[in-house]
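Hi,

Here is the structure I promised to pass on to you.

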Amino acid sequence: MSVFSSIVCCLNLSENPDVLVQYVNDIAKQNDAKLIFVQVAPARSSALNRSAINVDSIISENVEKANAAFAEYVNKNVEGEAVLVFAEGDTDKELLKVVDKYCADLIIVGSMSTKGFMGGWFSNPSDSIIGKTRVPVMVIPNDISLECTPDF
């Protein structure tokens, strides 16, 4: 019997996605689970409201490039078939919509880095969905290290 039948993964290619994808592959294989990968672009209206010029075509072009890079990465690195979902808006809201649409029973996300100049400026999907979802959330640190020496 599988514990998880449908897994949603919110993947950010700007961080280190390889460790996250390896966990997703392993968990999906162990559970014979369906994989749904989600990429959420910021809402265009909020970007357009901050600009005095019409930048819709520039934003559209960048979103299309990001979606193509996302699809290429997932197709290259994910074992088996995966559903790709491209959304626009608030990451937590869009992610929760996907969870409900696909009746997912696990969400896997990477933890966004809090290091460096820009580290604390962006919201982390794991922080924003943990208290709002009906399913478990697994957070994989970007700089994960499983080496541990007990101190007792």
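Of the 152 residues of this protein, 39% count as buried. One thing to keep in mind is that the model is a predicted one.

Let's start with the overall layout. Reading from the N terminus, they come in the order β-α-β-α-α-β-α-β-α-β. If you take the contacts with a separation of 6 or more, 76% of them are between residues 24 or more positions apart. The accessible surface is about 9,500 Å², and carbon and sulfur atoms make up 54% of that.

Now zoom in on helix H4 (91-101) and the loop that leads from it to strand E4 (106-110). The buried residues of H4 are Asp92, Glu94, Leu95, Leu96, Val98 and Val99. After the helix comes Cys103, which has a positive phi, near 50°.

The residue I'd like you to look at in that loop is Ala104. Is Ala104 buried or exposed? Its relative accessible area is 1%, and buried means under 20%, so Ala104 is buried.

Which residues is Ala104 in contact with, leaving aside its neighbours within four places in sequence? They are Ser6, Val8, Val99, Arg134 and Val135. Val99 is also on the list of buried residues in H4. As for Val135, it sits 31 residues from Ala104 in sequence, yet the two are 7.6 Å apart in space, C-alpha to C-alpha.

Cheers

Methods:
Residues numbered from 1 in each chain as written. Predicted model: local features only at pLDDT ≥ 70, side-chain atom pairs only at ≥ 80, totals over all residues. Heavy atoms only, no water. Helix = DSSP H or I, 4+ residues; strand = E, 2+ residues; numbered from the N terminus. Buried < 20%, exposed > 50% of the residue type's maximum accessible area, 1.4 Å probe, protein only. Contact = heavy atoms within 4.5 Å. Areas by Shrake-Rupley, 256 points an atom, 1.4 Å probe, with all protein chains shown as cover.
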